[in-house]
Amino acid sequence: MSTPEPPPWPHCAHGATPADDPVGCRGIHIPGHTACLAHLTDTDRVAYLASLTPGADIDHRGTPFTTSLLHALLAALHDSATGTVRFGNARFESAAFERRAGFESATFHGDVLFESATFHGDVLFESATFYGNARFESATFKHRAGFKSATFHGEALFESATFHDGAHFDSATFKHRAGFESAAFAHNALFRSATFHHGGRFESATFKRRAGFKSATFHGDALFESATFQDVAGFQSATFEHIALFRSATFHHGVRFESATFHDGAHFQCATFKQNAAFESATFEQNAAFESAIFTGNALFRSATFKHSAGFKSATFHSEARFHSATLRGASFESAAFKHYASFEHATFYGRAWFQSATFHGGTRFESATFTSNAQFGSVTFERSARFRSAVFQNDAWFVSTTFMGESQFSSAIFHGDALFASATFERSAGFESATFMGDALFASATFERSAGFESATFMGDALFRSAIFAKADRLGPLACAGQLVLSGATFGGPVTLWLAARRLECRRTRWAATAEIRLRYTTVDFAHAVFEYPLTIAAEPDPFVLTTGSELAETAFAGAPGPDVRLVSLRGVDAAHLVLADVDLSPCLFTGTVHLDQLRLEGACTFDTTPPPAGWRRWPPVRFTRRRVLAEEHHWRARRPGAVRGWNVAVFGAGRVGPLQLAPVYRALRKAFEDGKHEPGAADFYYGEMEMRRHADDIPRAERWLLTAYWALSGYGLRASRALAWLGVGMILTIGLLMAFGIAQDTPKQTATGTVPPGGGTVTFEIDKDDPKNPTSDRFSGERFEKALNVTLNSVVFRSSGQDLTTAGTYIEMASRLTEPVLLGLAVLAIRNRVKR
């Protein structure tokens with residue numbers, strides 16, 4: 001039953017009944033009649049049709065057309081010259097076509113209006129030409145609607161039209177606006193190879209079966225906002241020269257955009273792809289916006305090209321996301337969620353690649369991907385494996401606060417800019433084997449729950465692992481770092497071995513919770529305030545590190561380096577009770593503040609700094625430094641003293657200011673360490689240093705300082721045999737000279753016997769008297785006197801009396817000689833013993 005509202009035109013009203021159908025037939029009156037074309041008498045109908053000529057204007061609004069009636073109308077408008085039906089302005093609003101309506105190859109020179117028309121059978125407009133506007137708003141096509149190869153020069157409007165069967169617009173040409181807003185396609189809608197010169201509008205349209213736009217060309221905007229595709233949507237090889245708007249569109253079945261070309265913006269924000277979405281080899285010349293889109297099926301962008309920006313912010317990929325070999329410029333996947341496998345293998349990212357806060361629930365592969373600008377993976381979560389093998393980052397790579405819950409692989413990756421992994425968490429193995437870091441690598445506060453694989457990694461800049469946590473890593477390296485390798489504040493939770501070739505290694509406040517071995521090459525080490533409760537070894541490796549493959553670690557980063565020596569610059573604040581140093585250069589090392597330094601074990605060729613070389617005369621008055629092991633801090637102290645001689649090293653920034661009072665116990669502890677190691681000559685050097693610091697300390701009494709000064713001057717604290725022997729020689733020469741001058745008598749004193757013979761005879765008593773030795777008056781320095789003086793002196797050295805007659809002065813000279821010279825001889829013997837004892 002028709003609607004009770006009468007149409008706005010004078011209508012036929014045939015068959016109206018007050019009760020059931022008060023309106024009746026809604027067909028418009030034929031001019032001069034009160035009935036529509038369908039209800040005219042046969043005579044009037046024939047007369048009316050005879051009055052029509054090809055190209056005439058017609059108005060049959062609301063008219064019901066049978067097949068025969070439509071044929072009669074088309075015959076009346078048939079142009080025998082062209083062989084086609086020609087219409088002027090044609091009005092068929094609300095008309096009803098009971099069966100097949102054939103308008104094939106018809107030409108509409110004016111506007112044609114089929115608004116709210118109903119086609120009960122097939123309607124065919126194949127190859128029809130519409131020069132004016134063609135309006136089919138709210139029309140209903142209950143069977144096939146064929147517009148194949150039709151040409152619309154004016155607007156083609158199908159808003160809210162309903163297609164119950166197939167809608168065929170293959171190869172159709174829309175030279176003006178094509179409007180299918182809110183249209184409903186219950187069966188296949190085919191626009192293959194169709195051309196839309198001024199764009200096509202399909203907002204809120206519904207495609208319940210296949211929607212085919214293969215090879216279609218949209219010269220204007222293609223608007224599919226909020227459209228619903230309930231079956232396969234095919235846009236293969238389609239060309240969108242202006243904006244392609246699919247915002248909030250819903251694709252219930254697969255959608256195919258393979259090899260499609262988007263010359264302007266492609267907008268798929270909030271679109272829903274419930275099955276596979278194929279954009280393989282598609283080309284996006286301008287912005288491609290997929291923000292908040294939902295891909296329930298696979299998202300296939302293999303070999304797709306995004307020449308401007310690829311926006312997938314907050315997009316959700318429930319199945320596989322494949323961007324294999326894709327080219328993306330300005331890619332944004334911020335807060336995107338990848339619920340399944342995500343593949344970006346061999347993809348190329350031009351401009352910034354932004355994955356901030358994205359979540360990868362399945363395996364992720366960026367193998368051999370290339371990032372030409374910054375790659376931002378900050379706060380990203382990888383719940384399964386994340387593979388970046390052989391990836392190339394030509395600018396900075398940001399993985400700050402990123403969480404790797406599965407295995408992470410960056411082996412053979414190349415980072416040309418800075419690599420930022422600060423606060424990243426690696427819950428399973430982290431593999432950076434053979435990776436190359438051309439800029440700085442920042443792993444500050446990163447956490448490695450399992451193995452940390454950096455074997456054969458190369459850092460051309462600094463490698464910063466400050467405050468990193470290595471919970472169960474049992475090895476680190478072998479790796480090469482041309483800059484500074486910072487492990488300050490880092491924590492190693494289990495037994496670990498480090499193989500490091502680095503310019504500088506900083507381990508300030510680093511904590512080892514188990515045994516550790518650090519094998520180094522080319523390295524200057526700062527170990528200040530490091531904490532370890534178990535044995536820890538720092539050793540220099542003389543030969544290149546050998547990798548697990550059997551090859552040697554490449555050391556091209558150290559080309560031109562003088563040698564692979566290892567230097568330790570600070571042990572301040574360290575408890576050295578469990579520390580072993582092997583073949584380490586300790587010449588710049590700061591020891592002040594080290595605890596249990598006496599328990600330090602030194603293995604191999606551990607070297608210390610020495611007094612300024614070469615030893616010799618430096619200034620006036622002359623100062624001579626004999627060779628001995630010297631701490632760097634003594635160098636610094638002597639260098640800053642007023643009047644310091646050249647050759648003492650000045651303190652570097654941050655070394656602090658320490659003096660003899662602080663250095664004396666350091667020398668004492670190191671002396672004990674050398675003694676425990678049965679290295680007596682080395683212990684002797686540190687004993688010398690200890691005595692030197694005691695002599696210069698401010699807290700000792702003056703008498704003790706004089707005594708130490710004398711001890712130093714006479715024998716170098718019992719360690720300088722040459723000095724004691726020199727003083728012994730000086731003493732002997734002086735003794736000889738004094739004896740020759742004053743001690744040896746001029747002549748041997750004569751004895752005189754006097755006695756008295758008793759008058760009555762008996763025993764005669766004699767008194768024997770000896771003349772006092774007399775000083776010579778002339779010729780004191782003769783060869784005879786020298787021989788006597790030498791004899792007395794040599795006997796004095798060995799604490800024996802020569803029996804030589806001496807003057808009173810000579811007796812005192814001999815006493816002094818017998819007191820001092822044996823002491824000097826004993827000091828010389830002691831010094832020799834200290835130098836050769838083992």
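**Figure 1. Overall dimensions of the chain.** The chain has a radius of gyration of 54 Å, whereas a compact globule of 838 residues would have one near 28 Å. The model shown is predicted. Along its principal axes, the C-alpha trace spans about 220 × 45 × 45 Å. The secondary structure comprises nine helices and 87 strands. Of the 838 residues, 52% count as buried. Among contacts with a separation of 6 or more, 24% are accounted for by residues 24 or more positions apart. The accessible surface comes to about 35400 Å², and carbon and sulfur atoms contribute 50% of this area. The chain carries 81 positive and 83 negative side chains, the centres of the two sets lying 8 Å apart.

**Figure 2. Salt bridge between R302 and E280.** The structure holds 41 salt bridges, and the one in this view joins the side chains of R302 and E280 at an N to O distance of 2.3 Å. R302 is placed in the loop between β43 (299–300) and β44 (305–306), and E280 in the loop between β39 (277–278) and β40 (283–284), so the pair ties together parts that are 22 residues apart in sequence. R302 is partly exposed, its relative accessible area being 30%. E280, by contrast, is buried, with a relative accessible area of 18%.

**Figure 3. Salt bridge between D526 and R508.** The side chains of these two residues meet at 2.9 Å, N to O. Because D526 belongs to strand β78 (residues 524–526) and R508 to the loop between β75 (496–506) and β76 (511–512), the pair ties together parts that are 18 residues apart in sequence. D526 is buried at a relative accessible area of 5%, while R508 is partly exposed at 29%.

**Figure 4. Salt bridge between R629 and D685.** The closest N and O atoms of R629 and D685 are 2.9 Å apart. This pair links distant parts of the chain, 56 residues apart: R629 is in strand β85 (residues 629–630) and D685 is in helix α5 (residues 680–696). The relative accessible area of R629 is 23%, and the residue is partly exposed. D685 is buried, with a value of 3%.

Figure 5. Side chains of opposite charge can pair when their charged atoms come close.

Figure 6. T173 lies in strand β20 (residues 173–174), and T195 in strand β24 (residues 195–196). T173 is buried, with a relative accessible area of 17%; T195 is likewise buried, at 17%. Apart from neighbours within four places in sequence, T173 is in contact with A150, T151, F152, T195 and H197. With the same exclusion of neighbours within four places, T195 is in contact with A172, T173, F174, T217 and H219.

Figure 7. T510 is located in the loop between β75 and β76. The residue is buried, with a relative accessible area of 0%. Beyond neighbours within four places in sequence, T510 is in contact with L487, S488, G489, A490, F492, A530 and V531. T510 and R91 are separated by 419 residues in sequence and by 89 Å in space, C-alpha to C-alpha.

Figure 8. Most residues other than glycine have a negative phi, and most peptide bonds are trans. A cis peptide bond, with omega about 0°, joins G477 and P478. P478 is in strand β73 (residues 475–486). S171, which is not a glycine, has a positive phi near 60°. S171 lies in the loop between β19 (167–168) and β20 and is partly exposed, with a relative accessible area of 33%. S456, also a residue other than glycine, has a positive phi of about 70°. S456 lies in the loop between β69 (452–453) and β70 (458–459). At 19% relative accessibility, S456 counts as buried because the cut-off for that class is under 20%.

Definitions and conventions
Residues numbered from 1 in each chain as written. Predicted model: local features only at pLDDT ≥ 70, side-chain atom pairs only at ≥ 80, totals over all residues. Heavy atoms only, no water. Salt bridge = Lys/Arg side-chain N within 4 Å of Asp/Glu carboxyl O. Helix = DSSP H or I, 4+ residues; strand = E, 2+ residues; numbered from the N terminus. Buried < 20%, exposed > 50% of the residue type's maximum accessible area, 1.4 Å probe, protein only. Contact = heavy atoms within 4.5 Å. Rg over C-alpha atoms; globule rule 2.2 N^0.38 Å. Areas by Shrake-Rupley, 256 points an atom, 1.4 Å probe, with all protein chains shown as cover. Lys, Arg positive; Asp, Glu negative; His and termini not counted. Charge placed at Lys NZ, Arg CZ, Asp CG, Glu CD.
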